[in-house]
Amino acid sequence: RSRPVISIRRNITVQPDRIDLKKKNPEDHGEIRMDVKACFKYTANPRDLNPRIKINYTFEVENERRQLGLPSRVRFSDHSSDQFTASTTLRGQNSWECVTTKLILQEKIKDKLRPIPISVSVKIAGLESPSKRKESALPDLTPILNSNESETETTKVEFLKEGCGEDNECHSNLKLQYRFCTREGNEDRFTYLPLENGMPVLVLKDQKDIALEITVTNNPSDVKNPQKDGEDAYEAKLIATFPDSLTYSAFREMRGYPEKQLTCGANQNGSQAECELGNPFKRNSNVTFYLILSTTKVNVDTTDLDINLKLETTSTQVNLTPIIASAKVVLELLLSLTGVAKPSQVYFGGNIVGESAMKSEDDIGNLIEYEFRVTNLGRPLKTFGTASLDIQWPKEISNGKWLLYLMKIDSKGLEKVSCQPETEINSLHVVESHNSRRKREVAEKQITDSQAFSLFSERKYKTLSCNVNARCVDIKCPLKGLDSKASIVLRSRLWNSTFLEEYSKMNYLDVLVRASISVPAAAKNVKLTNEVAQVRVTVFPAKPVALYTGVPWWIIAVAILAGILMLALLVFLLWKCGFFRRSRYEDSVPRYHAVRIRKEERQIKDGKSQDLETKQWFTKWNENESYS
């Protein structure tokens with residue numbers, strides 16, 4: 001006996017057949033639901049075979065997304081999953097048997113363009129046993145499915161796309177523009193980078209981050225034929241991939257039309273950022289935003305920045321090729337270099353001692369310490385191990401005699417400094433003195449015939465530098481590990497014998513030491529803003545004090561005579577002006593002339609005295625007073 005072969009026909013219907021995201025049923029708690037109905041019937045060979053067949057059916061949605069590890073956009077309401085299996089019985093050939101279920105659309109789905117596939121598959125579970133059977137009858141054989149027919153039937157539910165054409169297909173026209181910017185402090189103010197031959201140039205000083213301004217538009221490419229493209233772009237996003245020298249920090253959305261809906265995120269190490277522009281990014285929309293990028297990994301080997309920008313959408317667009325945003329990098333080191341000498345004035349004197357007699361550094365001459373201080377106002381130089389301090393050291397005078405003898409070089413705020421060439425440091429291997437006290441050696445035993453002191457004598461001096469009267473060696477000290485501040489100290493000795501032999505007749509001399517900071521020629525993208533630091537030390541001959549205590553007698557005599565003449569001239573001028581003439585009493589007191597008026601006698605008439613008229617003025621006189 002052979003097993004019968006049956007064919008099972010499946011039919012799936014979904015209501016509604018299109019998903020309108022704007023229509024949510026308040027009775028279903030604001031959810032979007034779909035009714036799914038699946039119907040089955042079978043046909044058999046031979047035709048007279050008509051058993052009741054039990055089948056197992058399986059509903060399944062979004063099988064492809066599940067295989068890709070993506071979440072499903074819908075779930076079955078009764079099972080809270082995207083698949084389930086149940087069973088039913090087919091009563092006979094050509095007899096339809098239907099089952100129903102409900103689908104619920106998940107919230108905040110991203111893919112609103114691709115349809116949702118719903119599939120159903122069946123398997124024969126067996127035959128239902130009849131209620132009455134003859135004892136002699138053989139058991140019925142379980143039929144098998146026709147192998148030429150698929151076990152699965154699939155239908156798709158489309159989304160209703162308002163911003164697309166009548167064919168329900170969306171043809172977008174996403175365009176991208178970019179510009180590099182600098183960010184002012186922590187504020188959201190951005191300045192475009194200058195261009196050099198069409199290439200933006202990033203001059204990196206102390207800024208910790210930069211910004212990339214990105215503008216995305218979705219406008220029709222042909223104004224006369226706006227239906228050609230520029231339709232809604234579903235799942236529109238930008239993927240930016242950064243070089244190793246840049247890492248994603250944050251984003252700022254500045255403008256968005258018709259609405260702001262931008263969100264950006266990055267992977268764990270910040271090497272890639274993904275920005276969702278909108279779902280959909282509608283027709284005639286535009287958005288401008290800034291990707292803020294950290295520059296902490298930029299080093300001396302970074303000459304340019306290349307950022308890969310790629311637009312993606314599930315809408316139809318064929319010209320979405322990636323764009324490389326490039327910029328040239330120039331590292332400007334904000335280094336301040338200053339120098340100081342301790343002491344800044346020294347003296348030479350004593351006796352001439354040969355080079356072979358130098359056993360200790362104290363035998364050479366006075367101690368001079370040159371300290372060069374480097375202040376970094378910009379980025380830490382820990383990644384710039386090739387930057388170095390270059391010192392022009394005046395080792396000898398023009399005839400080859402010693403000028404400054406370099407004993408040792410120390411550093412502060414740096415890793416252990418190793419200056420080159422090492423052969424120039426304590427080349428005679430004299431014993432180092434541990435007495436750091438700086439002293440002034442007065443030449444008490446110096447017996448030289450000094451020239452007579454003159455007020456009008458010209459002071460003699462000379463400058464000893466690498467350009468004039470001195471031979472220099474270049475000493476290079478790498479600035480490894482420089483963060484913010486560091487200093488390099490050069491301990492040296494003034495070669496006393498050379499000054500006694502060559503410059504004993506000088507009133508003073510200036511010794512100049514120059515230093516600067518440099519980077520290797522290979523680092524063409526590094527720019528220095530510091531200037532050359534120059535340190536001056538003045539050297540005086542130490543002569544006995546007694547040579548300057550006496551003043552020639554004739555100078556004193558001339559000074560006295562000149563003073564007497566000046567005094568006499570002053571007295572004469574005052575006498576001519578009448579300064580010494582005394583004033584007389586008559587010249588200073590005014591004179592008065594008086595006339596004596598006799599008293600009038602009273603007149604008596606009729607025994608009465610008659611009063612005289614009182615005068616307007618009178619003068620009182622004493623009788624025995626003399627007058628003229």
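Entry one: contacts. I looked up what Arg493 touches beyond its neighbours within four places in sequence. The list runs Glu361, Asp362, Ile364, Gly365, Asn366, Leu367, Leu403, Leu404, Tyr405, Met407 and Ser433. I note that this is a predicted model.

Entry two: placement. I found Arg493 in strand S30, which spans residues 485-494. Is Arg493 buried or exposed? Its relative accessible area is 5%. Buried means under 20%, so I put Arg493 down as buried.

I picked Glu361 from the contact list of Arg493. Glu361 and Arg493 are 132 residues apart along the chain, yet their C-alpha atoms are separated by 7.2 Å. I then checked the side chains. Those of Arg493 and Glu361 make a polar contact at 2.7 Å.

I turned to open space next. The largest pocket holds about 1,200 Å³. I counted 44 residues in its lining. Arg65, Arg73, Ile109, Lys110 and Asp111 lie nearest its centre. Several elements give two or more residues to this lining, among them strand S4 (53-61), helix H1 (63-67) and strand S8 (116-127). Strand S19 (272-278) is also one of them.

I noted 18 charged residues, 13 polar and 13 nonpolar in the lining of the largest pocket.

Methods
Residues numbered from 1 in each chain as written. Predicted model: local features only at pLDDT ≥ 70, side-chain atom pairs only at ≥ 80, totals over all residues. Heavy atoms only, no water. Helix = DSSP H or I, 4+ residues; strand = E, 2+ residues; numbered from the N terminus. Buried < 20%, exposed > 50% of the residue type's maximum accessible area, 1.4 Å probe, protein only. Contact = heavy atoms within 4.5 Å. Polar contact = N/O pair within 3.5 Å; in protein donor to acceptor, adjacent residues only side chain to side chain. 1 Å grid on protein atoms, 1.4 Å probe; cavity = no way out; pocket = protein on both sides within 12 Å on 5 of 7 lines; lining within 4 Å. Points joined across faces, edges and corners; volume = space filled by probe spheres on them. Nonpolar A, V, L, I, M, F, W, Y, C, P; charged D, E, K, R; others polar.
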